[in-house]
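Thanks for sending this one over. My notes are below, point by point, with cut-offs given where a term first comes up.

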Amino acid sequence: MGSRPEVSDPGLLLLISLADGPKHGHAMLLDVAAFAGVRLGPGTLYGALSRLEEDGHVEALPAEGRRRPYRLTGAGRRLLEGRLGGLSRAVRTGLQRVGA
Amino acid sequence: MNAPRLTRILLRCYPSTWRARYGLELADLIEASPLTPRVALDVAAAGIRQRLHVAQLAINGGLVMTIGPAWRHPTAFAMVGAILLLPTFLFVGASLLAYELGVDAVRGMMESVTSAMANWRIVDLLLVAAPPLAFLAALAPLVRLGVDRRDGALEGVIAVRARLLNVTIGLVALLLAGVLVWHIVVESVLQVGP
């Protein structure tokens, strides 16, 4: 359990990855691996990305060859802020309770 | 099997509309790193989840859910119809040449064929059954049955289209079926003939 990543929800990881600017699939894969230590599979990544686009949380930019960058929408940024806020409260509470 | 070919096979796990939108990007991502069994399993499982997601949207959200793969593969179904029809087409054509137009060379050949067929009545049955089956195969892709949700209620949806290849094969099948029925009625029921 100790080696498992703290956050493993692919949708949340992609929202975090896109928070500092547009990225295409391969860049998101590398970014998520770097900041969360999670190696998303290509199917998992595009499954989550297509849901986020379907729900209006990310939007596609013009394709660059076979690659297409995506960026957060306003709704996606609000969703991310809400989810990070919830996680942050949970982390603070947990830290207080363990006395750290 | 090379990676691009395996990638194409893996992409078949996804619904066609999803593939049309994201297929190139996903293929690029798959081919950017070694295609290990873990990656293949991840892509296939995500494709199946996407198919389930689309089916759920269709049932809950009002998208049209089509029934029948024939709609998506009209040429393949037309070819199946043509292949089914070919033996009957050749047999009826040769019979017309031999017995209606009196081409002696063909008549000799037909007589040896029909005497050989006398011991194989199943061949007769297959030759007669082929045109209706070919008709169905050729025309099935021209009709689409679907289920749509409107105002909370499920409704049947029917769509019809025309395709020259399928219609032509369907008409030839109908014509051959007509010739066979005429032949059976005139020569077997009315007992008229040579």
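1. **Ground rules.** This is a predicted model, in which local features need pLDDT of at least 70 and side-chain atom pairs count only at pLDDT 80 or more, while totals for chains, interfaces and linings use all residues. Residues are numbered from 1 along each chain as its sequence is written, and chains are lettered from A and ligands numbered from 1 in the order in which they are written.

2. **Confidence.** The model comes with ipTM 0.86 and pTM 0.55. Where pLDDT is low, the predicted coordinates should not be read in detail.

3. **Chain B overall.** Chain B has 7 helices and 3 strands; helices (H or I, at least four residues) and strands (E, at least two) are DSSP runs, numbered from the N terminus. Along the sequence the pattern is α-α-α-β-α-α-α-β-β-α. Of the 194 residues in chain B, 21% are buried, meaning that 20 or more other C-beta atoms lie within 10 Å of the residue's own; 12 or fewer is exposed, in between is partly exposed, and C-beta atoms are placed from the backbone. Of the contacts in chain B with a separation of 6 or more, 71% join residues 24 or more positions apart; a contact means C-beta atoms, placed from the backbone, within 7 Å.

4. **The bent helix.** Please look at helix H2 of chain B (residues 16-31), which bends by about 65° at B:Tyr22. That bend is the angle between axes fitted to the seven residues ending there and the seven starting there.

5. **Where the chains meet.** The contact takes 13 residues from chain A and 17 residues from chain B. On the chain A side, helix H2 (25-36) and helix H3 (42-54) each supply at least two residues, and H3(A) gives the largest share, 6 residues. By class, this side has 3 nonpolar, 7 polar and 3 charged residues. Here Ala, Val, Leu, Ile, Met, Phe, Trp, Tyr, Cys and Pro count as nonpolar, Asp, Glu, Lys and Arg as charged, and the others, Gly among them, as polar.

6. **H1 against H3 in chain A.** Helix H1 (residues 10-18) packs on H3(A) at an angle of about 75°, with axes 9 Å apart. Axes are lines fitted to C-alpha atoms, for helices over the stretch in contact, and angles run from 0 to 180 degrees between N-to-C directions. The two helices are therefore roughly perpendicular; that label covers 65 to 115 degrees, with under 35 roughly parallel, over 145 roughly antiparallel and the rest oblique. A:Pro10, A:Gly11 and A:Leu14 are the H1(A) residues that meet H3(A).

7. **A:Gly11.** This residue of H1(A) counts as partly exposed because it has 19 C-beta neighbours inside 10 Å. Leaving aside neighbours within four places in sequence, A:Gly11 is in contact with A:Ala48, A:Arg51 and A:Leu52.

Terms used. Contact = placed C-beta atoms within 7 Å.
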